[in-house]
Amino acid sequence: MLLFKIIIAPVLIGLVSLAGRKWGPSIAGWLLGLPLNSAPILVFLVLQEGSEFASSAAVGSLLGIIAWAAFGLMYALCCPRFSWWVSTLAGWAAYGGVAWLLLHVHLSVGWSFVFVVAALITILLLFPRPAQSDLVLPRRRYELWLRMITATIMVVALTGAAKALGPQRSGLLAAFPNYTTILAVFSHQQSAASAVKVLRGVTMGLYTTAVFCSTLAICLLHMRAFPSFALALGAAGLVQAGSLVFVRRGA
């Protein structure tokens with residue numbers, strides 16, 4: 001299982017990074033709206049803790065999407081004026097504050113989904129527009145390898161802490177913006193506008209993760225793990241395909 005964690009994280013962030021180079025930062029961010037972070041962590045939780053634990057964690061991940069989006073909004077607001085590390089700390093503080101508030105929220109899967117969708121709509125309306133002209137710096141030679149190594153360290157650490165935290169906290173932690181942080185920071189080092197485009201793309205893609213988590217939370221209580229994940233990924237794929245239209249308009 002540890003070997004699987006070590007392999008999957010760098011492969012995912014590497015593929016997303018290469019897609020960003022070919023189609024632009026907005027598309028790279030939109031791809032992160034796929035449950036690239038939460039799905040592997042929830043798979044590990046099913047294998048380690050069982051379906052009931054993972055179902056509760058999926059509801060936590062669903063609510064955690066709001067904290068994930070709060071990170072993106074805060075980073076996007078900060079990055080035109082501050083360095084990457086200040087923007088990251090501010091974004092993580094926003095994530096932590098919202099996640100702490102969400103620990104006190106106890107809703108059914110359906111109402112949690114409605115709450116998350118309403119929050120995403122509000123956050124997207126608050127998102128800043130990227131600058132039309134911005135200095136773009138060249139990529140560093142070993143940037144892709146740095147992204148992949150950082151992703152591996154973060155996923156191993158997050159899944160390792162899950163058992164001690166319980167299902168709701170584990171779910172919120174599964175929505176921690178680790179891949180989003182990596183992509184935002186490396187994009188920010190090229191230009192602030194690139195970082196804003198990435199983060200707006202991520203936020204628009206989070207509807208996909210919301211559908212995935214809500215579907216999975218319900219299915220895990222009524223069927224085995226494999227068909228539950230298959231149905232959740234299928235539903236998420238339909239939403240992701242539809243959201244591409246809106247991402248291209250805002251690119």
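**Helical architecture and aromatic contacts of the predicted model**

At 44% relative accessibility, I218 counts as partly exposed, where buried means under 20% relative accessible area, exposed over 50% and partly exposed in between, with a 1.4 Å probe and protein chains only. The structure is a predicted model, in which local features need pLDDT of at least 70 and side-chain atom pairs count only at pLDDT 80 or more, while totals for chains, interfaces and linings use all residues. Residues are numbered from 1 along each chain as its sequence is written, and side-chain values use heavy atoms, with hydrogens and water left out.

The protein chain as a whole contains 11 helices and zero strands; helices (H or I, at least four residues) and strands (E, at least two) are DSSP runs, numbered from the N terminus. Of its 251 residues, 55% count as buried. Among contacts with a separation of 6 or more, 83% are between residues 24 or more positions apart, contact meaning heavy atoms within 4.5 Å. The chain exposes about 11500 Å², of which carbon and sulfur atoms supply 71%, the accessible areas coming from the Shrake-Rupley method with a 1.4 Å probe and, for residues, with only the protein chains shown counting as cover.

Four aromatic pairs are found in a search of the whole structure. In one of these, the ring centres of F71 and Y75 lie 5.9 Å apart and the ring planes meet at 50°, so the pair is tilted; rings of Phe, Tyr and Trp (its six-membered ring) pair if their centres lie within 6.5 Å, and planes under 30 degrees apart count as stacked, over 60 as edge-to-face and the rest as tilted. Because F71 and Y75 are four residues apart in helix α4 (residues 51–78), they are separated by about one helical turn. F71 is buried, with a relative accessible area of 0%, and Y75 is likewise buried at 0% relative accessibility.

A tilted pair is also formed by W92 and F176, with 5.8 Å from centre to centre and 45° between the planes. This pair links distant parts of the chain, since W92 lies in helix α5 (residues 84–102) and F176 in the loop between α8 (167–174) and α9 (178–188), 84 residues apart. W92 is partly exposed, with a relative accessible area of 34%, whereas F176 is buried at 14%. Together with Y95, these two residues, W92 and F176, form one aromatic cluster.

W92 also contributes, with W84, W85 and L89, to a nonpolar surface patch of about 440 Å². Patches are made of residues with over 30% relative accessible area and no salt bridge, like charges being joined within 9 Å and nonpolar side chains (Val, Leu, Ile, Met, Phe, Trp, Tyr) within 5 Å; a salt bridge is a side-chain nitrogen of Lys or Arg within 4 Å of a carboxyl oxygen of Asp or Glu.

In helix α11 (residues 225–250), S243 is buried, with a relative accessible area of 9%. Its side chain is joined to that of W30 by a polar contact of 2.8 Å, a polar contact being a pair of N or O atoms within 3.5 Å of which, within protein, one must be able to donate a hydrogen and the other to accept it, and residues adjacent in sequence count only if both atoms are side-chain atoms. Leaving aside neighbours within four places in sequence, S243 is in contact with W30, M204 and T208.
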